[in-house]
Amino acid sequence: MKILRPSFLLLGLFVLGGVAFKLTAPNDCDFIMSNDSIFVLTGDFRRIPFAIKQMEKYPDSDLYIIGAPDAAGYSNTDRAIIESDSKSTYQNAVAIRKIVGKSGLDRIVVITTEDHIRRAKYLIQSELPETRIVACPVALSEMPPARRLERWGIEYVKYIVTMFGIKEGPQHL
């Protein structure tokens with residue numbers, strides 16, 4: 001019975017951490033300036049259309065679609081700069097670092113889904129410690145609650161793993 005107590009405590013802490021992870025995640029775009037460079041990470045069908053809407057609001061901004069070999073299928077991406085080599089969030093961060101280094105940007109907007117924004121921002125910030133990262137999360141709207149909970153849970157575990165210094169899973173090593 002004594003062995004079970006620490007297990008329940010750890011499980012409780014894990015669950016509380018997951019709740020805090022969800023509740024403290026940004027759910028609205030931070031302030032976007034008219035000439036900001038917008039970086040959208042692919043991987044969810046909601047992200048690129050959301051980024052295109054942001055670009056339409058801010059016509060002087062540059063749009064970078066990161067990790068998107070199939071982005072050409074979207075309308076209004078003719079102004080976008082497409083990076084198609086990166087296959088993971090960490091590789092996205094490295095690709096963004098290279099673009100920012102060439103462009104000399106000191107502030108960027110990152111668009112990804114609300115469940116993914118914290119880990120993406122963390123990885124990008126680790127590659128670009130001197131750059132201001134503006135979070136612009138896409139809501140997981142029209143998704144069944146069970147699927148949304150599953151996605152949040154997966155991202156929470158990935159975030160914890162990332163905090164321990166593991167930036168990519170075994171399929172990307």
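Over the ring of which residue does the charged end of Arg118 sit? The charged end of Arg118 sits over the ring of Tyr159, 5.1 Å from its centre. A charge counts as over a ring if NZ of Lys or CZ of Arg is within 6 Å of the ring centre and within 35 degrees of the ring normal.

This is a predicted model, in which local features need pLDDT of at least 70 and side-chain atom pairs count only at pLDDT 80 or more, while totals for chains, interfaces and linings use all residues. Residues are numbered from 1 along each chain as its sequence is written, and side-chain values use heavy atoms, with hydrogens and water left out.

**Strands**

Helices (H or I, at least four residues) and strands (E, at least two) are DSSP runs, numbered from the N terminus. Burial is judged by relative accessible area: buried means under 20%, exposed over 50%, and partly exposed in between (1.4 Å probe, protein chains only). In strand S1, five of its five residues are buried. Ser37, Phe39 and Leu41 point one way from S1, whereas Ile38 and Val40 point the other way. Two strands pair if DSSP finds at least two bridges between them. S1 and S2 run parallel and are joined by five bridges, with Leu41 standing opposite Ile66 in S2.

S4 and S5 also run parallel, and seven bridges join them. The bridge partner of Ile108 in S5 is Ile133. Strand S5 is mostly covered, with six of its seven residues buried. Thr113 has its place in strand S4 and counts as buried, at 0% relative accessibility. Leaving aside neighbours within four places in sequence, Thr113 is in contact (heavy atoms within 4.5 Å) with Asp44, Arg47, Pro137, Val138, Leu140 and Arg151.

**Helix H2**

Which residues of helix H2 are buried? In this helix, residues 47-57, they are Arg47, Ile48, Ala51, Ile52, Gln54 and Met55. Seen down the axis of H2, these residues fall within an arc of 160°, so they line one face of the helix. The arc is that of the directions from the helix axis to the C-beta atoms. Lys53 and Lys57, on the other side of H2, are exposed. The buried residues pack against strands S1 (37-41), S2 (62-66), S4 (107-113) and S5 (132-138), and against helix H5 (145-163).

**Nonpolar cores**

In soluble globular proteins, nonpolar side chains tend to be buried together. A nonpolar core is here a set of buried Ala, Val, Leu, Ile, Met, Phe, Trp, Tyr and Cys residues joined through side-chain atoms within 4.5 Å. The largest such core has 20 residues, and those with the most contacts inside it are Phe39, Ile66, Ile96, Ile108, Val110 and Ile124. At least two residues of this core come from each of S1, S2, helix H3 (89-103), S4, helix H4 (117-127) and S5. H3 gives the most, with seven residues. A second, separate core of 17 residues includes Ile48, Ile65, Ala68 and Cys136.

Not counting residues up to four places away in sequence, Phe39 touches Tyr64, Ile66, Ile96, Ile99, Val100, Leu105, Ile108, Val109, Val110 and Ile111.

**Aromatic rings**

Rings of Phe, Tyr and Trp (its six-membered ring) pair if their centres lie within 6.5 Å; planes under 30 degrees apart count as stacked, over 60 as edge-to-face and the rest as tilted.

| Pair | Arrangement | Centre to centre | Between the planes |
|---|---|---|---|
| Phe39 and Tyr64 | stacked | 4.5 Å | 5° |
| Tyr122 and Tyr159 | edge-to-face | 6.2 Å | 75° |

Phe39 lies in strand S1 and Tyr64 in strand S2, so the pair ties together parts that are 25 residues apart in sequence. Both Phe39 and Tyr64 are buried. Tyr122 in helix H4 and Tyr159 in helix H5 are 37 residues apart, and their pair links distant parts of the chain. Tyr122 is partly exposed, with a relative accessible area of 33%, whereas Tyr159 counts as buried at 14% relative accessibility. Phe14, Phe21, Tyr122, Trp152, Tyr156 and Tyr159 form one aromatic cluster.

**Thr24 and Arg118**

Thr24 lies in helix H1 (residues 4-24) and is exposed, with a relative accessible area of 54%. Thr24 and Arg118 are 94 residues apart in sequence and 9.4 Å apart in space, C-alpha to C-alpha.
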